[in-house]
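Here are some friendly notes to read beside the model. Keep the structure open and find each residue as you go.

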Amino acid sequence: MTFMTETTPFNLWLPTRIIFRRGAIETIGQLASKHGRKALVITGRTFARKYGYDAKIRQILEDSGLTCSFFSDVEPNPTYTTIRKAMEVASKVQPDVIVAFGGGSVIDAAKALNVVYTLGGSIEDYVYPKTVDERLTPLIAIPTTHGTGSEVTKYSVLVDETNKMKIAVSGDGIYPDYAVLDPLVLNYLPRDQSASTGLDALSHAIEAYFSRRSNPYSDLLALEAAGIIFRYLPCAVTGLFECREKVFYASMLAGIAINYSGTNLGHGLGYALTVELGLPHGLANAMILPGAARFYEGILPAKSETFYLKTGVARPPGGLEEAIQRLKASVGAPLKLRDLGVTREQLEHYVKEGLRYQRNLANAPLDVSESIVRSIFEAVY
């Protein structure tokens, strides 16, 4: 028997040390103290303070001999302006180590700050297609949602306010040095954020699997993540801790997968919804994903069969498109753009905006034309 088709070639490198266990946050003092005596902690505006984690983190770091400063003004979908503000603090503190505690926005902001703090210049100097491969200041990422996987990725996604567009800073230097995943933090995750971030993780898994850059390793991670999310996200959203812990693990797997495959239709077209409507990132992706799935299954039937086989997801009459919509309904997510007040007349605007994200669309397993983008928006309207 002769095999002529080459297995997709790939290179693997994940420099992030991952600590996944209940109570893992207690390790950050030991980790940080290896790198110096001054820490800058990056958080969002509410969560850390509301649940006492700012004080807890300070105590852990100080008990390990570090002085501790905070920048606690990261908003959802952080902007260039936020990075400039954080840099003003970092310039004064001159930290030896940066600690990010929060969702994907906080971790992305910390990554972007780290680039500018270590290498100089402004964040605009490092936007894709430039890659950041230089070694940066040690970064500890502590995620507080089960969605973005940012704690294990080489991407930082920000909003360019001037051009009203999401941009990426990426490269091997962006990876956090440590990903500290403490599932106990998820006890405080609100229901709507559980749904939105879990759907973001699902988008990562499905887009990674149906990517022209996918490989056997990323497929392995993406399929495992997707199967877990389909099974456990509904009970995670109800607040059941064991289910949230499983989705947390799946989110990490899907984050690793997109390092190799990138994201494509869900993210590329979903970004426009976030920027224009202020829609949470994961929810925006999930609005697009059913329409994208229709194309995935149409052009990759054999790979689609493997998806159902390996994930354990039962194929409904409407295929993966329907399976995604059923999951969204089970977690209380809107199913169609019209449910969000989008009018049919506005679709053409979103088509034009979506086409700006060629960085993502180029990873799709088909050549993405304007007509394809239009048909996806029509499908999810």
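1. A definition comes first: two strands pair if DSSP finds at least two bridges between them. Helices (H or I, at least four residues) and strands (E, at least two) are themselves DSSP runs, numbered from the N terminus. With that in hand, look at strand β2 (residues 38-44), which pairs with β3 in the parallel sense over six bridges. For one example, find A39: its bridge partner in β3 is C68. C68 is buried, because its relative accessible area is 9%; buried means under 20% relative accessible area, exposed over 50%, and partly exposed in between (1.4 Å probe, protein chains only).

2. A word on what you are looking at. This is a predicted model, in which local features need pLDDT of at least 70 and side-chain atom pairs count only at pLDDT 80 or more, while totals for chains, interfaces and linings use all residues. Residues are numbered from 1 along each chain as its sequence is written, and side-chain values use heavy atoms, with hydrogens and water left out.

3. Now step back to the whole sheet. Six strands form an open sheet with parallel pairing, in the order β1-β8-β5-β4-β2-β3. Its edge strands, each pairing on one side only, are β1 (17-20) and β3 (67-74). On average, neighbouring strands of this sheet are turned by 15 degrees against each other, direction ignored.

4. Next, which strands does helix α5 lie across? Helix α5 (residues 104-119) lies across β2, β3, β4 (97-102) and β5 (139-143), and runs at about 160 degrees to β4. Helix α8 (residues 241-261) also packs on the sheet, where it touches β1, β5 and β8 (178-181), and its direction makes about 170 degrees with that of β1. Here contact means heavy atoms within 4.5 Å. Axes are lines fitted to C-alpha atoms, for helices over the stretch in contact, and angles run from 0 to 180 degrees between N-to-C directions.

5. Please check the cysteines too. The count comes to one disulfide, a disulfide being a pair of cysteine sulfur atoms within 2.5 Å. C235 is joined to C243, with 2.1 Å from S to S. The link of C235 and C243 is left-handed, with -100 degrees about the S-S bond. C235 counts as partly exposed at 22% relative accessibility, whereas C243 counts as buried at 5%.

6. Some backbone details are worth a look. Y128 and P129 are joined by a cis peptide bond, with omega about 20 degrees; P129 is found in the loop between α5 and β5. Q94, a residue other than glycine, has a positive phi near 55 degrees and sits in the loop between α4 (80-93) and β4. K164 is also other than glycine and has a positive phi, near 50 degrees; its loop runs between β6 (155-160) and β7 (165-170). Is K164 buried or exposed? K164 counts as exposed, because its relative accessibility is 55%.

7. The expected span of a helix is 1.5 Å times one less than its number of residues. For the 13 residues of α9 that gives 18 Å, and the end C-alpha atoms are 18 Å apart, which agrees. Ten of the 13 residues of α9 are buried, among them H267, Y271 and T274. These three are also in contact with H281, if its neighbours within four places in sequence are left aside. H281 is found in helix α10 (residues 281-299).

8. Last, the charged pairs. The whole structure has 17 salt bridges, a salt bridge being a side-chain nitrogen of Lys or Arg within 4 Å of a carboxyl oxygen of Asp or Glu. In one of these, the closest N and O atoms of R22 and E245 are 2.7 Å apart. R22 lies in the loop between β1 and α1 (28-32) and E245 in helix α8, so the pair ties together parts that are 223 residues apart in sequence. K303 and D219 meet at 3.3 Å, N to O, and both are buried. R374 and E370 form another salt bridge (2.6 Å, N to O); because they are four residues apart in helix α15 (residues 370-380), about one helical turn separates them. E348, K352, E370 and R374 are linked in a network of salt bridges.
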